[in-house]
Amino acid sequence: MSNIPHEEEYSIHWIRQVVDSVLERDVPNYLISTGKSPSGSIHIGSLRELIIADVIKRQLQQLGKKAKTMFIVDDYDPVRSFPPGISLPLKEWAGMPYSDVPDEFGCHESFGSHWANEFIDTFSEFGLAPEIVWTHELYEKKEMQDAVRICLENTEVIREIMIEFVAHDFDEEQKKQYIDSMKTWFPASVVCPECGHLQAGVKGEIVPNRITRYNRDTEEVTFECQACGHTDTVSRSDLRLKLTWRIDWPAKWYIFKVTCEPAGKDHAVKGGSYDTGLEVSKRVFGWSGPVKVPYEWVQIGGHDMTTSKGVVFRPKTWLSVAPPQLYRFLMLKTDLQRTINVRPERIPDMCDEYERFERLYYRLDDGADTKRELIELLYPLSEPNGARATYIPKLPFKYAVLMSQLQDILGRETVIERCEDAIKKQHSIKRIPKGAQSLMTIRLEQARNWVEQFGSATDRIRVTPEVPIEVRTSLTASDRSFLSGMVRVLSPLSISDDEIQAAVFQTARDSGLSEKQAFVVLYRVLVSQKYGPRLGSFINMLGKDWVVHRIESVL
Ligand SMILES: [Zn+2]
Ligand SMILES: [Zn+2]
């Protein structure tokens with residue numbers, strides 16, 4: 001856990017460093033690319049890459065440069081395994097491109113499209129607007145087919161690069177075997193025209209339908225399908241081909257002229273697929289390839305996420321429990337080389353932190369002088385649509401957590417009214433400004449979802465319509481005397497949270513009750529358990545009249 005920074009720590013030098021190295025390319029159009037294979041629900045960790053790309057783009061645009069982002073859906077990749085919850089038989093579909101597998105939910109044109117769109121549908125809320133490229137469509141385009149031809153013509157060079165990069169830490173025997181196997185190796189596979197497979201076997205024992213011969217003059221391709229045994233020699237343009245993974249990446253960089261692409265540590269490791277791609281860029285495509293931006297992974301609650309095992313926290317889930325800017329903020333304020341451990345149970349605290357930060361940006365609170373530069377950079381980049389001209393007051397998330405649970409007992413209108421009062425009080429304003437109301441209702445919904453999924457026992461409250469009989473019958477004479485005292489305390493027209501809190505102590509003393517017992521009695525009458533939220537504010541949330549009525553029902 002040592003590499004997890006303290007919450008208030010900010011390490012944002014990476015933003016300038018990355019932008020500077022991208023600027024060195026000095027091109028008329030900057031393109032920052034990202035990509036993902038739609039093998040199932042795409043987890044929120046993958047958004048780190050898109051947010052990095054988006055921030056580079058925004059910074060370049062601010063400097064007057066032309067810049068855009070791209071998201072490549074690798075839906076032409078073959079199925080290796082299915083995540084839990086998929087009922088399609090893996091045996092039948094393994095080895096087929098994701099774009100050729102049906103969507104068993106029936107809402108999209110393919111399995112790949114279904115999972116990619118679940119992810120893409122959240123982009124606008126996170127402030128992301130990349131151009132979307134579908135790999136299965138890309139391979140039908142002339143540019144990509146030309147790139148495939150260039151690779152096939154340069155098979156010898158690519159074999160050398162593969163041996164250099166893949167076999168560099170093999171022992172002598174392994175190396176010899178690998179070099180032998182590379183003598184007949186070609187950098188592309190064929191989607192079998194007979195059975196539709198790109199490879200045979202499932203994870204662990206995969207054999208691709210690799211090209212076995214390529215005739216440069218006639219452009220004829222010979223192949224043997226490992227899945228059905230079909231073999232043929234056909235003109236390149238009459239077949240569906242796919243470049244092998246390490247070569248597919250630089251081919252895409254080349255045809256789009258990608259200036260920069262972030263990559264997770266698995267691909268970015270020294271001598272890994274990214275470095276192989278850069279070498280292919282230089283020696284096969286004759287250009288430098290993109291600026292490599294390695295980044296560490298995102299964990300949820302201390303665990304790595306994996307789509308294949310179904311360990312995923314979806315961006316969609318995040319949006320149902322927290323604001324999108326909070327996620328951008330978490331991604332941006334941490335150095336790229338650090339793992340980010342997102343703890344959903346801390347969302348209310350993290351919201352508080354972000355909103356304190358926001359108030360500093362708008363100069364509503366003191367104490368920002370030393371952090372001014374950091375705030376000016378980080379806040380607008382965290383907001384999905386950049387900083388607004390004016391501040392919109394927010395309902396504190398923790399207040400929303402309690403209030404959202406009182407809706408059944410108080411009714412929606414009362415809850416909204418109290419929340420508006422809370423915003424006015426918190427921000428010392430007389431009217432709720434435009435925009436604040438809709439944010440407030442979204443927050444109530446997110447808070448309700450958050451407490452159901454991630455709240456602890458102390459966050460969860462349940463107010464029954466009536467005080468349970470066992471509570472009513474267990475009250476002692478001094479409990480009742482204390483409760484009667486509380487009714488008197490609550491009679492004035494208005495009483496502040498702190499005044500209520502102090503009155504509980506005083507009334508307890510007057511009734512000969514210990515302070516602890518006094519709180520227990522009140523909590524049991526209000527929420528049928530021995531503990532609950534801070535009483536002063538909670539009683540005002542419920543409303544004094546409601547509480548008086550409640551107490552009187554047991555006296
Ligand atoms: Zn679907
Ligand atoms: Zn076949």
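The following points describe a predicted model of a protein chain.

1. Conventions. Residues are numbered from 1 along each chain as its sequence is written, and chains are lettered from A and ligands numbered from 1 in the order in which they are written. In this predicted model, local features need pLDDT of at least 70 and side-chain atom pairs count only at pLDDT 80 or more, while totals for chains, interfaces and linings use all residues.

2. Confidence. pLDDT is the predictor's confidence in each residue, from 0 to 100. The protein chain averages 94, and 98% of the residues score at least 70. Over residues 1-7 the pLDDT is below 50; that stretch has eight contacts beyond near neighbours in sequence. Two residues are in contact if their C-beta atoms, placed from the backbone, lie within 7 Å.

3. Overall build. The protein chain has 25 helices and 15 strands; these are DSSP runs (helices H or I, at least four residues; strands E, at least two), numbered from the N terminus. The C-alpha trace spans about 100 × 50 × 45 Å along its principal axes. An automatic or database assignment sets the domain bounds, giving domain 1 (13-298), domain 2 (397-454) and domain 3 (469-552). The C-alpha centres of domain 1 and domain 2 are 46 Å apart.

4. A nonpolar core is a set of buried Ala, Val, Leu, Ile, Met, Phe, Trp, Tyr and Cys residues joined through C-beta atoms within 7 Å. The largest has 126 residues, and Val 148 and Cys 151 are among those with the most contacts inside it. Helix α2 (residues 46-62) gives the most to this core, with eight residues.

5. Helix α6. The buried residues of α6 are Met 144, Ala 147, Val 148, Cys 151 and Leu 152. They lie on the same side of α6 because they cover an arc of only 140 degrees around the axis, taken from the directions from the helix axis to the C-beta atoms. Their cover includes α7 (155-166), β4 (188-191) and α9 (245-256). Leaving aside neighbours within four places in sequence, Val 148 is in contact with Ala 188, Leu 241 and Leu 243.

6. Met 541. This residue is in helix α24 (residues 535-542). Met 541 counts as buried because 22 other C-beta atoms lie within 10 Å. Leaving aside neighbours within four places in sequence, Met 541 is in contact with Leu 402, Met 403, Leu 406 and Arg 418.

How values were computed
Buried ≥ 20, exposed ≤ 12 C-beta atoms within 10 Å, placed from the backbone.
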